[in-house]
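Biologist: Hi, could you walk me through this model? I have the sequence and the structure open.

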Amino acid sequence: ASFTISLHKVDNITVVIKLRPGASPSCRIRIKNVIRSDLKIKSGENVTFAFTCSSPERYFIMEIQKNIDCVSGPCPFGDVHLYPPGLPRLNRTYIWDVKASTKAGLELKFSTPWLRQIEPGGTCPDSISYNINSCIDKATVNIGTFCRNGSVSRVKLLGGVIMSLHLPWHSLLTTSGFNIANRASIKRLCIIESTLKGESSITLMSPNYPLGFPEDELMTWQFVIPSNMRASVFFHNYSLSNCERKEERVEYYIPGSPSNPEVFKLSDSQPANIAGSFNMSLQGCDQDAQNPGVLRLLFQVVVQPPQVDENVTHLVDLSKEKNMTVTIHLEGWPSQIALMSEPICLICKDPRTCDRVLTLASGAVYRISFLCKDLSRLRITAEKGIGCMDIRWCQRKIYSLSVPRAITRLPIQLHKFIWKILATDLINVEITSPSLKLQQHLETSEQRCNTSYSYGIVSATPETELNVGVFCPGGSIEKIQMRNNITISLKTFGKGLINESTPQDLKMSFVPHIKDECTFTVSPNPKAKVYLQTPNWSHGLPPYVSISWFIVVPSKQTARLGFSNDRMGIACETGRAYVNIKEETLGAEETVRREDELLPQPRNMHHNFWVNISNCKPVDKTQLALQFWVTFADKQIDLGIILAVVAGAGVLMAIGLTVCCVKKKKKKTQNPMVGVYNANVNTQMPGKKGLFGKGRQNNESHVYAVIDDAVVYGHLLKESNGSVAPEVDVYRPFDGPIGSLPPSPPPFSFRKDIKRSSNTEEEPPPLTDTDQDTYTFAHQKSGQSKDNGDANEKDKGDTSVPLLENKEQDGLVE
């Protein structure tokens, strides 16, 4: 098909057809017998041409430029037409270059559905876009890029204008959509009129956005708002230039305001809840020539009807609070606080100071109101800081971690309340819940939190962050002690509200330095099955971190302890990982398992006990994450023990009768005995001794059953010449005070291999030359010297029983 374009001399139109950028030249233009890759048709020319391909829109674009002179001749007011007709279906751009004097600016009026401004580089849904540039002398300012279907109804410009309309090749648009309405001096860069007929939201930008508003210029936006609606202005993105003179500012002219114009900085909260139409102006300044900076502004205007309860105020008294902020925001904040295309909930500190996000600081009293149809979309996020720099001032103080009534009384759901607890290196934090206790939320078991809120606890240092876990009220954890700085986050679920009827029982205090990274005190319900797991569950316990649990066992109960896995499931690159279990009773054996061994089988614990889990530095990406459980049952009387006791009593009775008979027989035949006074004999009558009445110092269970003569009679030899000294070997078990410290391993560099006791029938693996890793709470092998650790003595095995401790040893040799 061929096309004919005929341009009259007076039209001042030029048509250019050229290849699209990046398109291949496989399609050409044929004029008679000449093949060309582009075509330019000027005013007064008549050209007939054709394309050498069937789909020229894939290869060519077209520009139609019309020059309009409103300076030397009359200005053609009225609708601007798409001319000439009969153009080929190509992507085309119409350009109207209108020359006008700066003393008589131009007014462009757009037909409905008006225009909507978009950011440069943005696209329109129908691919039809307008671009408006103002021409002052030789300078060109980009007023903006617009799509159809918006609120921009008129634009007044100082000087000339270059108006562009971009149409896709398949568009059926036959009108330009605007007209040149008038000429009027406006004495500012431009005036943009935006007409909003009802509930809506629009976004506008300053000229030359984002490159920068012209220096020392002034422009105005006129907003036409129905008298029964309310408008609010929000600045979303702005920057300031470096001013030498004057000051960048925003001015509002609001009908009925007692102080027109109202002047604001760009950093201020902008006016809200404005009744009816108003103007907003942006004023630049004289910029620094060496470092001018950039003045730019992107803002949003939200129009909505007045709310029924807009005059209802809520008192928020934070005058007695310290180091606390309260933020009221829309659900999804801050990730979803970007531009929105519909009316939104507003929070107001006063009738004209409203925003989608309102932050209240402690130490003041506020009266707030809401411009919102549905308050269920609003949320509260609060944060409070608690610090301790000197334990002498903080140790005896107990802090209540509860949500203040000023927050719970608001008709808004609490989303999160965060306590940030800061302390120095030697001060640690203790969290208790005396009446409710805490339950650890576990996804992998039936122990899940189903309360309306929960606590997330995180312990953090500059090097590592330990996610202690998620906890809710109504469990078995009485106390958690942690090192380092702590963040506790109370978070609600569903429509759960924290109000005065919901009990809160979380206390916090500062304590001196603790040994482990984290210690739990657990007092389970005797009828419950309690699951406990290591912190940082999803990422594994950090390297070289030790965690302890102290489990309280009721006096008439027996606890059963078991692990959810058979092994730890890790391999160590440096050091060793251990699980230590020990009951809190005299003479209790300690069960120790290493990462390359099977974990203990379920076992009964008759007294309070410790569980300690210590990590090494794992290889590869393996992580240490362990879970164990505790159940309780009533103590059962063992029939075998009863029979043994009865049998033992019978044997003792028989021995007593025999001794009595022998004494009576000897009494008849023996001469009277001569009494000799011995000053070294204890003449005090022995009293009744209870269970474990003797301490380690006077309990004879520590004495060897067979003692060398040199040891027994060492004091006689010493009196003769003092040349013989007894050799004393002392059993040294876990030497910490029972009940106050968990059986946690010492630093990895000080561990030594020793014999470990176990309640199972598993045999420990034999020692090899390379298997010399050690742990803390094992016992020194008999015969192993402290100084040289003779290997030959190791092979002899542990054939001795413990000696008396130092005080009793001194008694043997004196």
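Biologist: What should I know before we start?

Modeller: This is a predicted model, in which local features need pLDDT of at least 70 and side-chain atom pairs count only at pLDDT 80 or more, while totals for chains, interfaces and linings use all residues. Residues are numbered from 1 along each chain as its sequence is written, and side-chain values use heavy atoms, with hydrogens and water left out.

Biologist: Great. How many helices and strands does the chain have?

Modeller: The chain has seven helices and 54 strands. These are DSSP runs numbered from the N terminus, with at least four residues (H or I) for a helix and at least two (E) for a strand.

Biologist: And how much of the chain is buried?

Modeller: Of the 814 residues in the chain, 44% are buried. Buried means under 20% relative accessible area, exposed over 50%, and partly exposed in between, using a 1.4 Å probe and protein chains only.

Biologist: What about contacts between residues at least 6 apart in sequence?

Modeller: Among those, 80% join residues at least 24 apart. A contact here means heavy atoms within 4.5 Å.

Biologist: Switching to cysteines: how many disulfides are there?

Modeller: The structure holds nine disulfides, each being a pair of cysteine sulfur atoms within 2.5 Å. One of them is formed by C124 and C147, with sulfur atoms 1.8 Å apart.

Biologist: Where do C124 and C147 sit?

Modeller: C124 is in the loop between β11 (115-118) and β12 (129-136), whereas C147 is in strand β13 (residues 139-148). They are 23 residues apart, and the pair links distant parts of the chain.

Biologist: Why is the disulfide of C124 and C147 called left-handed?

Modeller: The torsion about its S-S bond is about -85°, so it is left-handed. C124 is buried at 9% relative accessibility, and C147 is buried at 1%.

Biologist: What is the torsion for C348 and C354?

Modeller: About 105°, so that disulfide is right-handed. The S to S distance between C348 and C354 is 1.9 Å, and both cysteines are buried.

Biologist: And which cysteine does C449 join?

Modeller: C449 is joined to C472, S to S 2.2 Å. The torsion about their S-S bond is about -90°, so this disulfide is left-handed. C449 lies in the loop between β38 (438-440) and β39 (453-460), and C472 in strand β40 (residues 465-473). The relative accessible area is 18% for C449, which is buried, and 1% for C472, also buried.

Biologist: Now the sheet with β45. What is its strand order?

Modeller: The order is β45-β54-β47-β51, in an open sheet of four strands with antiparallel pairing. Strands pair if DSSP finds at least two bridges between them.

Biologist: How many bridges join β45 to β54?

Modeller: Four, with β54 spanning residues 627-634. In β54, V630 is the bridge partner of V530.

Biologist: Last one: is S153 buried or exposed?

Modeller: S153 is buried, with a relative accessible area of 5%. It lies in strand β14 (residues 152-157).

Biologist: Which side chain does the side chain of S153 make a polar contact with?

Modeller: That of T195, at 3.1 Å. A polar contact is a pair of N or O atoms within 3.5 Å; within protein, one must be able to donate a hydrogen and the other to accept it, and residues adjacent in sequence count only if both atoms are side-chain atoms. Not counting residues up to four places away in sequence, S153 touches several residues, among them L108, F110 and W114.
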